[in-house]
Amino acid sequence: MIRTMNLRKLYTTEEVETTALNRVNLEINEGEFVAVMGPSGCGKSTLLNILGLLDNPTEGEYHLLGTEVSGHSERQRAGLRKNNIGFVFQSFNLIDELTVYENIELPLLYLKTSSAQRKLRVHEVMEKMAMVPRKNHFPQQLSGGQQQRVAVARAVVAKPKLILADEPTGNLDSIHGDEVMNILSGLNKDGTTIIMVTHSPDYASYTRRTINLFDGRVVTEDVRGKRDYA
């Protein structure tokens, strides 16, 4: 599904040039659940932004679903994003003025999905996330765990092939963090490919593989056996 070759990302100012990614070579297959770990500033979020087509690399190749996309325009990247990728962020990124239902529905509006299909899909994913009783609530009326469940629901409602999660448990306590990890694990069992940035070795253990970054480079990869989920 994903292959990068000698991927580099440089940030340049008048005074200094910073290398965020330095010749990163990755291969991630369809159906994998992969964690990306490393110290702050090692390039984790930069890598996720490029994989999510939010940014282009400075050098190298990025193949997504068999297509080389490193030189795509913003319009081309946006088309691929909305049809194939769902995002889950540490800060939830819900819209305060929209209800739970409306936040989840948003990606389907961008895709111009019919009203009947939108209703069906939103209710289906709300049931899966146990959020039907909260459908008319606003984000500020929810707990952190509930907000993240809404964010996950929004990410998966369009049935993307790939979910990118940037510290999805970072603002949650351990109980709600475990809850979100079990939801992601269930989605992966259903066939969704997931790449998750995390600082937590415990949450990384939910995945089958951990990619460790340091100073913009892949330094090690760890592969685990299957974990039993709650």
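**Chatting about salt bridges and buried spots**

Visitor: Let's start with Glu74. What does Glu74 count as, going by relative accessibility?
Guide: Glu74 counts as partly exposed, at 40% relative accessibility. Buried means under 20% relative accessible area, exposed means over 50%, and partly exposed is in between (1.4 Å probe, protein chains only).

Visitor: What kind of model is this?
Guide: This is a predicted model, where local features need pLDDT of at least 70 and side-chain atom pairs count only at pLDDT 80 or more, while totals for chains, interfaces and linings use all residues. Residues are numbered from 1 along each chain as its sequence is written, and side-chain values use heavy atoms, with hydrogens and water left out.

Visitor: How far apart are Glu74 and Arg77 along the helix?
Guide: They sit three residues apart in helix H2 (residues 74-84), so about one helical turn separates them. Helices (H or I, at least four residues) and strands (E, at least two) are DSSP runs, numbered from the N terminus.

Visitor: Is Arg77 buried or exposed?
Guide: Buried, with a relative accessible area of 9%. Glu74 also has a salt bridge with Arg81 (2.9 Å, N to O), and Arg81 is buried too, at 15%.

Visitor: Why would side chains pair up like that?
Guide: Side chains of opposite charge can pair when their charged atoms come close.

Visitor: How many salt bridges turn up in the whole structure?
Guide: A search finds nine. One of them joins Asp190 and Lys128 (2.8 Å, N to O). That pair links distant parts of the chain, 62 residues apart: Asp190 is in the loop between helix H6 (174-189) and strand E8 (193-197), and Lys128 is in helix H4 (residues 115-128). Asp190 counts as exposed, at 55% relative accessibility. There's also a network, with Glu32, Arg209 and Glu221 joined by salt bridges that share partners.

Visitor: New topic: how covered is helix H1?
Guide: Mostly covered, as six of the eight residues in H1 (residues 44-51) are buried. Among them are Leu47, Leu48 and Ile50. Just after H1, Leu53 takes a positive phi of about 60°.

Visitor: And where does Thr99 lie?
Guide: In the loop between strand E6 (85-89) and helix H3 (100-110). Thr99 is buried, at 10%. Leaving aside neighbours within four places in sequence, Thr99 is in contact with Lys135, Asn136, His137 and Phe138; contact means heavy atoms within 4.5 Å.

Note on methods. A salt bridge is a side-chain nitrogen of Lys or Arg within 4 Å of a carboxyl oxygen of Asp or Glu.
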